[in-house]
Amino acid sequence: MSSVNAATDTNGTVSPIARIGEQTFEFVAEFGAMAHFSLQAFGWMFRRAPRWSVLVPIFYTIGVSSFPVVAITGTFIGMVLAVQAYSQFELMGLATRLGSVINISLVKELGPVLAATMLAGRVGSSMAAELGTMRVTEQIDALAALGTNPIFFLVTPRFLACFLLIPLLTLMADFMGVIGGAVVSTQLLKVDAYHYWLHSREYVGALDLLAGVFKSYFFGAAIALISCHRGFHSKAGAEGVGRAATEAFVYSFIAILFLDFTIGIFWNTAYNAIWPDSANLI
Amino acid sequence: MNETLTQKNPSIARAGEPIIELKRISMRFRRHVVLQDIDLTIRRGETVCVIGESGCGKTVLLKLIIGLLQPSSGVVLFDGVDLAGLGDFEMSRTRLRFGFLFQMAALFDSMTIFDNVAFGPREHGLPLNPAELKKLVDDRLHEVGLPSGIEFKKPAELSGGQRKRVGLARALALDPEVMLYDEPTTGLDPIMSDVINELILQTQRAKHVTGVVVTHDMKTVVKVADRVVMLYPHARLKPGEPQIIYDGDPDAMETHPDLRVRQFVRGEAGERLKEMSNGSDNS
C-alpha cells in the first residue's frame with residue numbers, strides 16, 4: 001500500500017508509470033489466479049466425486065446438445081473443402097486424391113479445431129454467462145455459505161464434461177466432414193469413388209485420427225477452465241456478465257489456436273523421433 | 001426442563017460468551033478502503049443490528065464474519081478459532097454453523113424450492129431417507145409460513161417476500177448457531193417486511209440463534225435488535241476517527257450526542273444534499 005501511496009501525487013492522481021506497473025502486476029496476477037483456479041479444479045476431481053444428479057444434466061447440455069451443431073458444421077466443412085479443392089486437383093489430373101487431402105485435413109486439424117470452436121461458442125460463453133450471473137446474484141457466495149466449495153460444485157463437473165466429451169464431438173465432426181466431403185466429391189463432382197477411398201485409406205491412418213483426438217482433450221480442458229474462470233470473476237451487472245461471456249469465447253479461441261500450434265509441433269517432433277525415416281506430415 | 005434444553009442447545013448453556021470477534025479488521029479493494037481498524041465482539045444469543053449508509057461496508061463485514069472475504073489485515077475469530085488458519089475442509093465445517101440470508105435471497109435458480117432447502121442436508125450427507133428429508137423441508141417451509149405445494153416451483157415463480165422466506169428456510173435447514181441477515185427487508189412491502197422481522201425474532205426465540213442483521217431499516221432495528229452497531233463510511237471520516245460511531249442499546253440512539261447517529265435514525269439528509277451539489281460528497 002505504501003508503494004501505491006508513493007506513486008500518487010497530492011491530489012491522489014496515479015502517475016502513468018505507476019499505472020503501467022500496476023497493470024503489469026495485474027496481468028501476471030491474472031495468470032497466477034487462473035493457474036490456482038485450474039489446480040483447485042484438478043484437485044477436487046481426486047478428492048470427492050460429484051453427485052450423478054449434478055453430472056448428468058451438465059453432460060447432457062455440454063455433450064448431447066452440442067452434437068447436432070457440431071455434426072452440421074462438420075458436414076459443411078467437408079463439403080466446402082471438396083468444392084474449393086476440386087478445380088485445382090482436377091487441373092492437375094489428381095481429382096481422385098481429393099479424398100486424402102480432405103480427410104487428412106479434417107481428422108488432424110479441422111475436425112478438432114472446429115469441434116472445439118463450436119464448443120467454445122455454444123458452451124463456453126453460456127457457462128461463463130451462467131456462472132457470471134450466479135456470481136452477480138450471490139449464488140456462488142450462497143454455495144460457499146452452505147459449506148460447499150463452489151469450484152467443486154460448479155467447475156469440476158463442467159471440466160469433466162468438456163474434457164471427456166470433446167473427443168466424441170471431434171470424432172463426430174471428423175465423421176460428418178468425411179461423409180460430406182465424400183458425397184460432394186463422388187456424387188456432385190463425379191470423382192471416382194473407388195480411387196477416392198483408396199487414396200484416403202493410403203494416406204490417412206489411425207495415428208492421424210489419434211493426433212486430432214489427442215489435441216481435443218487439451219482444447220476441452222482449456223475451454224472449461226477459461227470459461228468457468230471468466231464466469232467466476234464476472235463484474236457486476238448485465239455488462240459484466242456479457243463481457244465475461246465474450247471473453248470466455250475470445251480467450252478460449254486464442255487458447256485453442258495456441259494449443260493447436262504447440263501440440264502440432266510436439267506431435268510431429270515425437271513422430272519423427274519414433275519413426276525417423278517417415279515423411280513429416282503437416 | 002431447562003436443564004434438558006441447555007444440554008440440547010449449547011447456545012443456551014454458553015449464552016453471553018463471545019462467539020464472533022473481529023480484531024483490528026481492515027478491508028480494502030485496491031485503493032478503496034472500506035473498513036479500517038474495526039473491533040467488534042458479538043456474544044452468543046444476542047441479536048446485533050449493523051446499520052449505516054449504503055456503501056459503508058456492512059455487507060463486507062458480514063462476509064468477513066463467515067469467511068467469504070478475507071480481511072486485508074486483522075483477525076476474525078469464530079468461537080475462539082481464527083478463520084484465516086482454517087483449511088478448505090475446516091472452513092466448510094465451520095460455515096455449517098452459520099446460516100446466511102442474502103439480500104436478494106440468492107436461491108439457486110436452476111433448482112426447485114425443495115432442492116434449494118434440501119441442498120445443505122443433501123450435500124453434507126445427513127443420514128436422512130427421502131421421507132425424512134421431505135419432512136425436514138416441509139417443516140422449514142412451514143416455519144417460515146410458506147404453503148405446501150410451493151416446493152415444486154422454481155425461484156423465478158415466487159414473489160420477493162416468498163424468495164426471502166425460502167432463503168431463510170434454506171439457511172435454517174442445518175440448524176445454525178449464528179444467523180447472518182443481509183438487508184432482510186430491502187425491496188419488500190411494509191407488511192412483508194414485518195413478516196420477515198417477526199421471523200427473525202421467532203428464529204432467535206425458538207432456536208436461541210445468535211443474529212447479525214445488516215440493515216438500514218430502522219423498523220427492523222427497533223423490532224429485533226438487542227444491540228446496535230453503526231458504521232460510518234470510511235471516506236467521510238476525519239483522520240483518526242473510529243469507523244464504529246455507535247455501539248449500544250437501540251433505544252439510546254435517538255438521544256445520542258453524535259449528530260450523525262441522530263440524523264441516520266431520523267432519516268434526515270442534513271448537510272448531505274448541499275455537499276452533493278458542491279461535489280464534495282465522496283461516500
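Trainee: What average pLDDT does chain A have in this predicted model?

Mentor: pLDDT is the predictor's confidence in each residue, on a scale from 0 to 100. Chain A averages 89, and 94% of its residues score at least 70. Residues 1–6 of chain A fall below 50, and beyond near neighbours in sequence this stretch has one contact in the model. A contact here means two residues whose C-beta atoms, placed from the backbone, lie within 7 Å. As this is a predicted model, local features need pLDDT of at least 70 and side-chain atom pairs count only at pLDDT 80 or more, whereas totals for chains, interfaces and linings use all residues. Residues are numbered from 1 along each chain as its sequence is written, while chains are lettered from A and ligands numbered from 1 in the order in which they are written.

Trainee: How many helices and strands does chain A have?

Mentor: Helices (H or I, at least four residues) and strands (E, at least two) are DSSP runs, numbered from the N terminus. By that count chain A has ten helices and zero strands. Its C-alpha atoms fill a box of roughly 75 × 50 × 40 Å along the principal axes. Of the contacts in chain A with a separation of 6 or more, 86% are between residues 24 or more positions apart.

Trainee: What percentage of the residues in chain A is buried?

Mentor: Burial is a neighbour count: a residue is buried if 20 or more other C-beta atoms lie within 10 Å of its own, exposed if 12 or fewer, and partly exposed in between, with C-beta atoms placed from the backbone. In chain A, 43% of the 282 residues are buried. For chain B the share is 38% of 283 residues.

Trainee: Is Ile254(A) partly exposed or buried?

Mentor: Ile254(A) belongs to helix α10 (residues 237–274) of chain A. It counts as partly exposed because it has 13 C-beta neighbours inside 10 Å. Its C-alpha atom is separated by 24 Å from that of Ile151(A), 103 residues apart along the chain.

Trainee: How many residues does each chain bring to the contact between A and B?

Mentor: The size of an interface is often given as the accessible area lost when the parts come together. Here the description is by residues: twelve from chain A and 18 from chain B. On the chain A side, the largest share, five residues, comes from helix α6 (residues 139–145). That side divides into five nonpolar, five polar and two charged residues. In this scheme Ala, Val, Leu, Ile, Met, Phe, Trp, Tyr, Cys and Pro are nonpolar, Asp, Glu, Lys and Arg are charged, and the others, Gly among them, are polar.

Trainee: Why is chain B described as being as compact as a globular protein of its length?

Mentor: The radius of gyration is taken over C-alpha atoms, and the globule rule is 2.2 Å times the number of residues to the power 0.38. Chain B has eleven helices and ten strands. Its radius of gyration is 20 Å, close to the 19 Å that the rule gives for 283 residues, so chain B is as compact as a globular protein of that length. The C-alpha trace spans about 60 × 40 × 40 Å along its principal axes.

Trainee: What is the order of the strands in the open sheet of chain B?

Mentor: Two strands pair if DSSP finds at least two bridges between them. The sheet has four strands in the order β2-β1-β4-β5, with antiparallel pairing. β2 and β5 (81–82) of chain B stand at the edges with a single partner strand each, so one side of each has no neighbour in the sheet. Helix α3 (residues 58–65) of chain B packs on the sheet, touching β1, β2 and β4, and its direction makes about 125 degrees with that of β1(B). That angle is between N-to-C directions, on a range from 0 to 180 degrees, with axes as lines fitted to C-alpha atoms, for helices over the stretch in contact.

Trainee: Where do Arg30(B) and Asp37(B) lie?

Mentor: Arg30(B) is in the loop between β1 (18–29) and β2 (32–43) of chain B. This hairpin has two residues between the strands, and Arg30(B) takes a positive phi near 55 degrees. Arg30(B) is exposed because it has 9 other C-beta atoms within 10 Å. Asp37(B) is in strand β2, with a positive phi near 50 degrees. With 14 C-beta neighbours inside 10 Å, Asp37(B) is partly exposed.
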